[in-house]
Amino acid sequence: MSFDYAEIAATAAEILKEFGSTAQLKVVTTGAYNPATGSASTSTAATDVTACVFDYASHMIDGTRIVTGDKQAYLTAAVAPKPGDVLAWQGMDYRVVTSKPLAPAGVLVLNELQIRK
């Protein structure tokens, strides 16, 4: 038995579209370090996405890796978020803490994020 992971990714996108809400992923890119200013330049590119966002269950909050207020978000496979990017959802900006691609057989189906204010 074989699976059509592209079809599974399309189904995941349909479910997110039906049950999720509009959000914006702001991909932050850091440029070269400038010793004169003591900082690196950054640029941000925004992409519209659909996200399902949930609170973590209380038993998952350990106060270290997952803290009170953190949320779990699911995004379609159309984007590849990374830690440090920002998810703008329902008027709030959340920093991406972790990003885990769900990619069975190497085919990206869905992205699972841990986000924090």
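Reply: Accessible areas come from the Shrake-Rupley method with a 1.4 Å probe, and for residues only the protein chains shown count as cover. The protein exposes about 7,200 Å², of which carbon and sulfur atoms supply 56%. The model is predicted: local features need pLDDT of at least 70 and side-chain atom pairs count only at pLDDT 80 or more, while totals for chains, interfaces and linings use all residues. Residues are numbered from 1 along each chain as its sequence is written, and side-chain values use heavy atoms, with hydrogens and water left out.

Me: Which residues of H1 are buried?

Reply: A residue is buried under 20% relative accessible area, exposed over 50%, and partly exposed in between (1.4 Å probe, protein chains only). An α-helix has 3.6 residues a turn, so residues three or four places apart point the same way. In H1, Ala-9, Ala-12 and Leu-16 are the buried residues. They cover an arc of only 60 degrees around the axis (taken from the directions from the helix axis to the C-beta atoms), which puts them on the same side of H1. The face turned away from that buried side carries the exposed residues Glu-14, Lys-17 and Glu-18.

Me: What covers the buried residues of H1?

Reply: Contact means heavy atoms within 4.5 Å. The cover includes strand E2 (39-55), strand E3 (71-76) and strand E6 (110-116).

Me: How many salt bridges are there?

Reply: Side chains of opposite charge can pair when their charged atoms come close. A salt bridge is a side-chain nitrogen of Lys or Arg within 4 Å of a carboxyl oxygen of Asp or Glu; by this rule the count is six. One of them joins Asp-55 and Lys-71 at 2.4 Å, N to O. Asp-55 lies in strand E2 and Lys-71 in strand E3, so this pair ties together parts that are 16 residues apart in sequence. Asp-55 is exposed at 56% relative accessibility, whereas Lys-71 is buried at 15%.

Me: Is Asp-85 buried or exposed?

Reply: Asp-85 counts as buried, at 0% relative accessibility. Its side chain meets that of Lys-82 in a salt bridge (2.8 Å, N to O), and Lys-82 is partly exposed at 34%.

Notes: Helices (H or I, at least four residues) and strands (E, at least two) are DSSP runs, numbered from the N terminus.
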